[in-house]
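Keep the viewer open as you read.

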Amino acid sequence: MRDSDSGACAYCRGAGSNMDHVHLVEDLPEEYGSDEGELTQGYAVAVTGTAAPPLWIFFTDWEPAWVFARSGRMAHDSAYTHLREAAFDTRLDSEWGEVRTLLITPARPCPAEDELAVVVRWAQGCHPDIRQYVPDRVPDAFGDAT
């Protein structure tokens with residue numbers, strides 16, 4: 001993988017993956033957006049087959065990440081899936097163009113949740129006319145969406 005000085009990254013887990021860089025970090029940096037790039041916090045799922053490098057997929061919301069990871073574990077040729085807190089950083093570099101970096105936290109146990117409740121929330125956030133996950137806003141007792 002690359003950095004602007006040497007063309008290689010000193011410590012990178014992105015070799016062979018769909019990201020330019022995949023770095024393990026203890027704490028995620030704050031989100032930002034500018035003309036030079038953008039950093040968004042969310043969740044990343046790594047799916048690895050029996051002979052393939054990890055394929056990292058980034059999600060901004062827990063529900064689609066969880067459903068993707070759970071489904072990946074059911075795939076015939078999936079050796080494992082990992083679900084991590086993550087941040088996705090895209091920056092424009094004058095030499096390399098767009099550089100995609102995934103920052104992942106160490107493996108931590110996922111919060112214990114009722115699987116059906118997560119799937120229901122995910123299904124409620126799926127809308128056929130848009131590709132993004134949009135959690136439905138639940139009306140409160142007065143009928144106002146919260």
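The lining of the largest pocket divides into 6 nonpolar, 4 polar and 2 charged residues. Here Ala, Val, Leu, Ile, Met, Phe, Trp, Tyr, Cys and Pro count as nonpolar, Asp, Glu, Lys and Arg as charged, and the others, Gly among them, as polar. The model is predicted: local features need pLDDT of at least 70, side-chain atom pairs count only at pLDDT 80 or more, and totals for chains, interfaces and linings use all residues. Numbering starts from 1 along each chain as its sequence is written, and side-chain values use heavy atoms, without hydrogens and water.

The largest pocket has a volume of about 290 Å³. A pocket is an open set of points on a 1 Å grid over the protein atoms alone, where a 1.4 Å probe fits, with protein on both sides within 12 Å along at least five of seven lines; lining residues have an atom within 4 Å of a point. The volume is the space filled by probe spheres set on the points, which are joined across faces, edges and corners. Its lining includes N18, E38, W56, F88 and R100. Strand 4 gives the most, with 4 residues. Strands are DSSP runs of E, at least two residues; helices are runs of H or I, at least four; both are numbered from the N terminus.

The second largest pocket holds about 240 Å³. Among its lining residues are P64 and W122.
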